[in-house]
Amino acid sequence: MAATVRVAALADLHCTKTSQGAFQPLFARIAESADILVMAGDLTDYGLPEEATVLVKELSTLRIPVAAVLGNHDCESGKSSDVRQLLTDAGVHVLDGDACELQGVGIAGVKGFGGGFGRFALAPWGEPINKQFVREAVDEALKLEAALARLRSKHIVALLHYAPILQTVDGEPPEIHPFLGSSRLEEPIGRYPVAMVFHGHAHRGPLEVTTKSGVKVYNVSMPLLTRTFTDRPPFRIFELQMGETAATQPTPAQTPGRRATDAVASPA
């Protein structure tokens, strides 16, 4: 096993039927810079198999392991199972309450759901449709917990589409915060030795924040990264030192001048 594993992360590709060739330069840079790629949902724009087919062709030259979760856009057309199958057939580990280990890094993935954060989270009270909404959020959190429980890796990554804490969506209109994530997703993250969390969905907000239990959460939405890092491709890289004991709180550090690398996660 390599002493250092480089994890590339991005989200919200929104691949369309006309995106052929658009992502190949990006994936080429990722292949040069990383050992693993994780994609945090909204891989397609309308959740169409034709869009997934284009994305699969774009990924075909990427010779590193890939794990992904689907996002709300991938569910838009009611064909998310087809999108998932196309990606799975292409070798992508599409996680939905599942876990995998790539290059020694454990990855637990779930789409997640909305519902709001903290004392403003929607409660299961009132009309049946409200209770159904909350039940979806609870079920996604339970799926994440089940996935985390399967892993025994030294370094564990939680891969989501929806945000588990409010701070990484702060910058989006407050009126839509309840639809950007759920603090119910934070609860299982705090009960397991998670090294870091990646999500997308919110196209605005801080790049990184910390949960109550001290776990770093990174918003890796491509629109956010494109606006923030105007001089580099819109993805982030994190280095995990595999020979060391897993850290409960990785410490990203800026690495100026390192091509396509902007953060290093190492044991505290």
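Reply: Gladly; what follows is a set of questions about labels, each answered by setting a value against a cut-off. Please keep in mind that this is a predicted model.

Me: How do you know that the structure holds zero disulfides?

Reply: A disulfide needs two cysteine sulfur atoms within 2.5 Å. The sulfur of Cys75 is 16 Å from the closest cysteine sulfur, which belongs to Cys15, so that pair is too far for a bond. For Cys100, the closest cysteine sulfur is in Cys75, 19 Å away, again too far for a bond. The count for the structure is zero disulfides.

Me: Why is Cys75 called partly exposed, and what makes Cys100 buried?

Reply: Buried means under 20% relative accessible area, exposed means over 50%, and partly exposed is in between. Cys75 has a relative accessible area of 32%, so Cys75 is partly exposed. Cys100 has 10%, so Cys100 is buried.

Me: Which residues touch the most other members in the largest nonpolar core?

Reply: That core has 28 residues, and Leu10, Leu13, Phe27, Ile30, Leu37, Met39 and Leu87 are the ones that touch the most other members. Strands S1 (4-10), S2 (36-40) and S3 (66-69) each supply at least two residues of this core, as do helices H1 (24-33), H2 (49-59) and H3 (80-89). H2 gives the most, with four residues. Apart from this core lies another, of 27 residues, with Cys100, Leu102, Phe229 and Met242 among them.

Me: What does Leu37 touch, leaving out residues up to four places away in sequence?

Reply: Leu37 touches Ala8, Leu10, Phe27, Ile30, Leu62, Ile64, Pro65, Val66 and Ala67. In general, nonpolar side chains tend to be buried together in soluble globular proteins.

Me: Why are H2 and H3 called roughly parallel?

Reply: The label applies to angles under 35 degrees. The axes of H2 and H3 cross at roughly 20° and come within 9 Å, so the two helices are roughly parallel to each other. Pro49, Ala52, Thr53, Leu55, Val56 and Leu59 of H2 make the contact with Asp82, Val83, Leu86 and Leu87 of H3. The crossing of H2 past H3 is right-handed.

Me: Which residues of H2 are buried, and what covers them?

Reply: The buried ones are Pro49, Glu51, Ala52, Val54, Leu55, Glu58 and Leu59. Their cover includes H1, S2 and H3.

Me: Where does His201 lie, and why is His201 called buried?

Reply: His201 lies in the loop between strand S8 (196-199) and strand S9 (208-210). Its relative accessibility is 12%, and the cut-off for buried is under 20%, so His201 counts as buried. The phi of His201 is near 75°, a positive value in a residue other than glycine.

Me: Is Ser77 buried, exposed or partly exposed, and how do you know?

Reply: Ser77 has a relative accessible area of 31%, which lies between 20% and 50%, so Ser77 is partly exposed. Ser77 is found in the loop between S3 and H3. Not counting residues up to four places away in sequence, Ser77 touches Tyr46, Gly47 and Leu48.

Me: What makes Leu185 buried?

Reply: The relative accessible area of Leu185 is 1%, under the 20% cut-off, so Leu185 is buried. Leu185 lies in the loop between strand S7 (155-160) and helix H5 (186-191). Leaving aside neighbours within four places in sequence, its contacts include Gly112, Phe113, Glu140, Leu144 and Tyr162. Leu185 and Val110 are 75 residues apart in sequence and 9.6 Å apart in space, C-alpha to C-alpha.

Me: And why is Arg135 called partly exposed?

Reply: Arg135 has 46% relative accessibility, which falls between 20% and 50%, so Arg135 counts as partly exposed. Arg135 is found in helix H4 (residues 128-149).

Technical notes:
Residues are numbered from 1 along each chain as its sequence is written. This is a predicted model: local features need pLDDT of at least 70, side-chain atom pairs count only at pLDDT 80 or more; totals for chains, interfaces and linings use all residues. Side-chain values use heavy atoms; hydrogens and water are left out. Buried means under 20% relative accessible area, exposed over 50%, partly exposed in between (1.4 Å probe, protein chains only). A nonpolar core is a set of buried Ala, Val, Leu, Ile, Met, Phe, Trp, Tyr and Cys residues joined through side-chain atoms within 4.5 Å. Contact means heavy atoms within 4.5 Å. Axes are lines fitted to C-alpha atoms, for helices over the stretch in contact, and angles run from 0 to 180 degrees between N-to-C directions. Angles under 35 degrees count as roughly parallel, over 145 as roughly antiparallel, 65 to 115 as roughly perpendicular and the rest as oblique. A crossing is left-handed if the near helix is turned anticlockwise from the far one by less than a right angle, and right-handed if clockwise.
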